[in-house]
Amino acid sequence: MDTEEAWTPEAEAAAVKEPPKIHRLEESVVNRIAAGEVIQRPVSAVKELVENSLDADATSINVVVKDGGLKLIQVSDDGHGIRYEDLPILCERHTTSKLSKYEDLQSIKSMGFRGEALASMTYVGHVTVTTITKGHLHGYRVSYRDGVMESEPKACAAVKGTQIMVENLFYNMIARRKTLQNSSDDYTKIVDLLSRMAIHHTNVSFSCRKHGAARADVHSIATSSRLDSIRTVYGVSVASNLVQLEASEYNDSSSFVFKMDGYVSNSNYVAKKTTMVLFVNDRLVECAPLKRAVEIVYAATFPKASKPFIYMSIVLPPEHVDVNVHPTKREVSLLNQELIVEKIQSAVELKLRQSNDSRTYKEQTVESSPSSPYNPSKDLHLNPSGSKLQKVPVNKMVRTDSSDPAGRLHAYVQSKPHTSVASGPNLSAVRSSVRQRRNLNETADLTSIQELIDDVDRNCHSGLLDIVRHCSFIGMADDVYALLQHNTHMYLANVVSLSKELMYQLVLRRFAHFNAIQLSDPAPLSELLMLALKEEDLDMENSENDDLKEKIAEMNTELLKQKAEMLEEYFCVKIDTRGNLSRLPIILDQYTPDMDRIPEFVLCLGNDVDWEDEKCCFQAIAAALGNFYAMHPPLLPNPSGEGLQCYKKRKPLKNPVDIERYPNDAGDNVENEDEIEHQLLAEAEAAWAQREWSIQHVLFPAMRLFLKPLNSMATNGTFVKVASLEKLYKIFERC
Ligand code: ADP
Ligand code: MG
């Protein structure tokens, strides 16, 4: 290979030549380029052909594919067929029966309207059409190339409808053919497409098979029920684990903003990847924000459960939908998207909570007969996914599935309605049955954990609970307070104390059933403790000498090593025999704590825990974890507020801790200063943005589901009702 010359301004100046001449491209080139855009892969051809069949009112559509679609794609339907006199222009670009003037686009119901698809196929493949229209005794067959008929249509015998055959796709696009030939997943993509189409268009029967294969890989029958079609296409294991879902929004004049109906999986469903089948006004599309929003609810509701299966059909007023986007652009953005996503998210959340509650109820009735012995089949009900949860390979920092077969239990117990009187005893009954299975005799620990949970339940403030469950998150008002709306009121809520309490409560409820965060580099406790002690010194401004600190660190390390077994078993905090911290619990899915706070956490374990009294001990450890995992403001000052000046030139950071952490920014390193500040600023911006995202998308959804706000939070400044408008304006100014 030639070695490339390095770029220099001189070289560029020399390379500037006369402007190149502009000329018109030959029509065949234009058409081929355009065709390559419309038909990107075999699956795009199948989609266009199937949509044409649907537009032709077909009730049965059969697809045959050879060699991933490169050799042959054949789509047969029983639709209205194509008129004989239209055949000559059928495959010309911009010929269509579906649109005549631009205004028609506003109300168009058909999937196609550009008259581009068939034409495109003739520029990149060989197309043969066989069709018959109503009232005729025979049909016609004709082949096309580059938009035109190869010969006159020939009369032939035909069954109702149209069959379109595309052979040797991309025969004239060598590079594309080569890349596609090597990929084996085109047929999978086609099967996936037809599966999705089939469960939406329930009045049409679909089939898809490989050429020469006796068995179809998709085979749906026209049915009146969506669930039936999901069962036929995706199987019983999916269909039997779905719950139905509806949501809608009307505006004042009672015209609708959107309507949605669909099915989503419950906690029994197991899958590694999300399947989201989304139709907007009957068009198959993708909408990443909506998918993400639903996934978050699942992650928050079933902490160890799988990714969801989602089918949704959204209907928007036609004038809200711009159908005139590029045909290959599947990702849509909707008008009123935020509102729609949020409404749907709450609907999913509510549904899952209800279905979880009803499972709890079932469990209670079983538990209420104390004489019944422990029944293994009931356990299947608790953990239907089977006990062999897969281990994920451990590299950098990974989440490993707990191998505990009862791992799923907490998801199930948590969302018990707090009003349930029976919740206490029932919970301990369930827990002790879990313990029995683990063959552990000691039950004392469970009593004390249960007492702590009862304390939380007893101290729950019902008014705040209602706010937490039904509020909408508006934004961060400052570094610590979030602005919330609940009914007609606005509240400021302290995210730090809320998240601290949430984490504490989750630790109690997940006691002994955590998934793990594996630390890539196990951290020596003694060093962590030294770091923490030094930092404490800076805060207190009284420095003990280093020898003393080392002694304290050493003693605490020994102490924690002694308690390692218990810390690991109950809290998933693993300390290895050499005194390294190597594992931490996942308290909330999708959330990793700020690792800069590990030293403080370890010191807190060493200093603040009373290891003698069991209940106090558990409480203190849970509190230490709560404090560690809480969503504190990042250590770097917030660059979007007054904190920005900390990143400005020549102004040393005010906070001595930051100077210690970023000594170059203290102002003495003038040369690199500018660069470093930019880096630091970028780092700070990322940290703050990440935190805000987590607050909105992880903390609040989880709080809605799990937090029992304490009575004290009504008066200690955790929740503040925003009384005056004036105050509110001030807040918005800062948002
Ligand atoms: P569009 O669907 O955008 O109109 P196409 O190139 O996909 O453009 O199809 C051109 C025309 O061919 C359609 O408007 C329709 O009238 C006709 N057509 C295509 N496929 C079928 C079919 N399976 N049954 C009946 N008519 C069809
Ligand atoms: Mg079409």
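## Charges over aromatic rings

The charged end of Arg176 sits over the ring of Phe170, 5.1 Å from the ring centre. A second case involves Arg510, which lies over the face of Phe706 at 5.7 Å from the ring centre. A charge is taken to sit over a ring if NZ of Lys or CZ of Arg is within 6 Å of the ring centre and within 35 degrees of the ring normal.

This is a predicted model, in which local features need pLDDT of at least 70 and side-chain atom pairs count only at pLDDT 80 or more, while totals for chains, interfaces and linings use all residues; side-chain values use heavy atoms, with hydrogens and water left out. Residues are numbered from 1 along each chain as its sequence is written, and chains are lettered from A and ligands numbered from 1 in the order in which they are written.

## The chain as a whole

The protein chain holds 24 helices and 22 strands. Helices (H or I, at least four residues) and strands (E, at least two) are DSSP runs, numbered from the N terminus. Of the 735 residues, 49% count as buried; buried means under 20% relative accessible area, exposed over 50%, and partly exposed in between, with a 1.4 Å probe and protein chains only.

Among contacts in the protein chain with a separation of 6 or more, 71% are between residues 24 or more positions apart. Contact here means heavy atoms within 4.5 Å.

## Aromatic pairs

The whole structure contains 11 aromatic pairs. In one of them, the ring centres of Phe628 and Tyr629 are 5.0 Å apart and the planes stand at 75°, so the pair is edge-to-face. Rings of Phe, Tyr and Trp (its six-membered ring) pair if their centres lie within 6.5 Å; planes under 30 degrees apart count as stacked, over 60 as edge-to-face and the rest as tilted. Both partners are buried: Phe628 has 3% relative accessibility, and Tyr629 has a relative accessible area of 0%.

Ring pairs also link Phe511, Tyr570, Phe571 and Phe618 into a cluster.

Helix 19 (residues 564-571) and helix 21 (residues 614-629) pack with their axes 12 Å apart, at an angle of about 70°. That angle makes helix 19 roughly perpendicular to helix 21, a class that covers 65 to 115 degrees, whereas under 35 counts as roughly parallel, over 145 as roughly antiparallel and the rest as oblique. Axes are lines fitted to C-alpha atoms, for helices over the stretch in contact, and angles run from 0 to 180 degrees between N-to-C directions. At this packing, Met566, Leu567, Tyr570 and Phe571 of helix 19 meet Cys617, Phe618, Ile621, Ala622 and Leu625 of helix 21.

Ala624 also belongs to helix 21 and is buried, at 4% relative accessibility. Leaving aside neighbours within four places in sequence, Ala624 is in contact with Phe601, Cys604 and Leu605. In helix 20 (residues 598-608), 8 of the 11 residues are buried, including Phe601, Cys604 and Leu605. The C-alpha atoms of Ala624 and Met503 are separated by 9.8 Å, although the two residues are 121 residues apart along the chain.

## Positive phi in two loops

Asp57, a residue other than glycine, has a positive phi near 60°. Asp57 lies in the loop between helix 3 (42-55) and strand 1 (60-66) and is exposed, at 58% relative accessibility.

Asp146 is not a glycine either, and its phi is positive at about 45°. The loop that holds Asp146 runs between strand 4 (139-145) and strand 5 (148-149). With a relative accessible area of 40%, Asp146 is partly exposed.
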